[in-house]
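Open the structure in your viewer and keep the selection panel at hand. The tour below goes from one selection to the next and says what is there.

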Amino acid sequence: MSRKVITLCYRKVIDTTNANAWDKFVHEDSFAEFKMQAQFYNEEQRFTTFAEMLLHVPEAEKLHFLVSAAITGYLRQLNGIIPDILDNLGRRFLTFENFKFEIINSDINDIEKHKIAINFFSKPLIWHDTISNQLLVSQFKETNEEEAFTNLFQIQPFVSIHAIKNID
Amino acid sequence: MERKNFIRSLMIGAISTPVIIEACKKSSVTDGTSSGSGTAGTTTSTNGTCTVAPTETEGPFPTKAPASYVRSDITDGRSGYKLTAKITIGNLNNNCAGLANAIVDIWHCDAEGNYSEYGGSGMQSINYQSVHFLRGRQITDANGLVTFTSIFPGWYSGRATHIHVHVYNAAGTSLNVTQIAFPEGTGTSLALVNGYNKGMTGYTYNNADNVFSDDKTGVEIATVTGTLVAGFELTFKLNVKA
């Protein structure tokens with residue numbers, strides 16, 4: 001089969017049900033930042049939910065970006081490794097530099113309604129083959145090597161192929 | 001037909017009877033222990049996804065991290081003439097005395113007139129290392145002062161050169177959203193920088209700007225001193241009701 005270079009996207013959804021410390025910090029700090037930044041688009045506090053703000057003040061779309069500053073410190077703590085997604089050996093193997101933060105829903109009065117997503121975009125991978133229900137991939141390098149170390153993994157919920165390019 | 005139905009009813013009886021007995025047993029056991037123990041868990045099921053479980057050393061361990069806005073130098077590698085911005089927040093409810101512990105956000109465009117931001121929709125992603133360039137947050141000292149190190153802002157079509165400011169109280173409640181204008185004319189910083197590579201053709205001056213044109217007394221215009229080589233220093237007093 002022809003080799004393809006792919007980037008994967010993992011959309012990590014975080015709400016009040018997430019229990020681990022990193023997720024909780026991200027959830028709480030993004031909520032605090034949302035409450036601060038939302039005031040720019042929501043003078044006199046006419047609206048309480050993010051959905052209402054978007055409906056009445058389209059520029060509130062920028063809140064996705066503005067609130068993301070609350071979580072970039074936590075992204076640094078990941079040391080460039082995408083969390084949660086494991087190869088078939090049970091190890092995290094995807095590396096990233098690019099991300100996109102989303103506010104899915106929120107309410108300035110209720111942290112329970114604060115739900116966000118971090119989209120992690122992997123660095124490019126070469127997709128060598130598909131074995132059973134698993135993808136065989138290796139880190140994309142500009143130089144061609146005789147032998148490449150590979151990872152075998154299964155596409156799982158909230159993971160998708162974000163971009164693809166034929167190289168042969 | 002009748003016979004079949006009769007047999008079926010017997011079968012249902014035969015199956016359901018032990019179930020009823022079981023149910024009775026259970027209820028008699030649970031009687032008197034209605035307090036229960038533990039609390040309802042929040043862990044959602046990931047069972048059945050058929051993926052391997054994590055098998056590596058735990059970590060890295062997260063620590064509380066402030067928003068990436070919190071820093072004095074907001075340059076983030078953007079090139080331009082150095083600008084030190086000293087903004088003092090005064091309290092209108094206290095004879096404009098310096099307001100301590102106020103949160104001050106500033107943001108402005110780079111030398112080319114672009115802000116750090118990206119659209120909310122679409123496929124665009126961004127590198128997490130330098131995403132919020134030329135945006136910063138500081139907390140005022142006892143004199144109400146915050147200091148930022150940045151670059152002299154460029155300009156873009158339709159607007160005079162400006163810096164955005166958003167002031168919050170210590171609890172994060174918005175007190176004021178405004179913009180700082182720059183002095184114009186011969187010898188001013190604006191004339192010296194001369195719009196960077198763009199020049200000043202098509203520039204919107206303060207008196208034609210839709211934000212600053214109603215400022216007849218110049219209360220929104222900062223004091224800016226300095227040179228291209230040494231850099232510039234901007235001072236501005238902003239009074240809020242706190």
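Start with the interface between the two chains of this predicted model. Select the contacting residues on both sides: chain A puts 38 residues in contact with 32 residues of chain B.

Stay on chain A and colour the side that touches chain B by element. At least two residues each come from α1 (21-41), α3 (63-68), α4 (72-77), β2 (96-105) and β3 (115-122). Helix α1(A) gives the largest share of that side, with nine residues.

Next, select β2(A) together with β4(B), the strand at residues 126-127 of chain B. These two strands run antiparallel and are joined by two bridges. Which residue of β4(B) is the bridge partner of N98(A)? Select N127(B) to see that partner.

Now move within chain B to strand β9, residues 223-227, and pick T225(B) there. Is T225(B) buried or exposed? It counts as exposed, because 12 C-beta neighbours lie inside 10 Å, and a residue with 12 or fewer is classed that way.

Terms used
Residues are numbered from 1 along each chain as its sequence is written. Chains are lettered from A and ligands numbered from 1 in the order in which they are written. This is a predicted model: local features need pLDDT of at least 70, side-chain atom pairs count only at pLDDT 80 or more; totals for chains, interfaces and linings use all residues. Helices (H or I, at least four residues) and strands (E, at least two) are DSSP runs, numbered from the N terminus. A residue is buried if 20 or more other C-beta atoms lie within 10 Å of its own, exposed if 12 or fewer, and partly exposed in between; C-beta atoms are placed from the backbone. Two residues are in contact if their C-beta atoms, placed from the backbone, lie within 7 Å. Two strands pair if DSSP finds at least two bridges between them.
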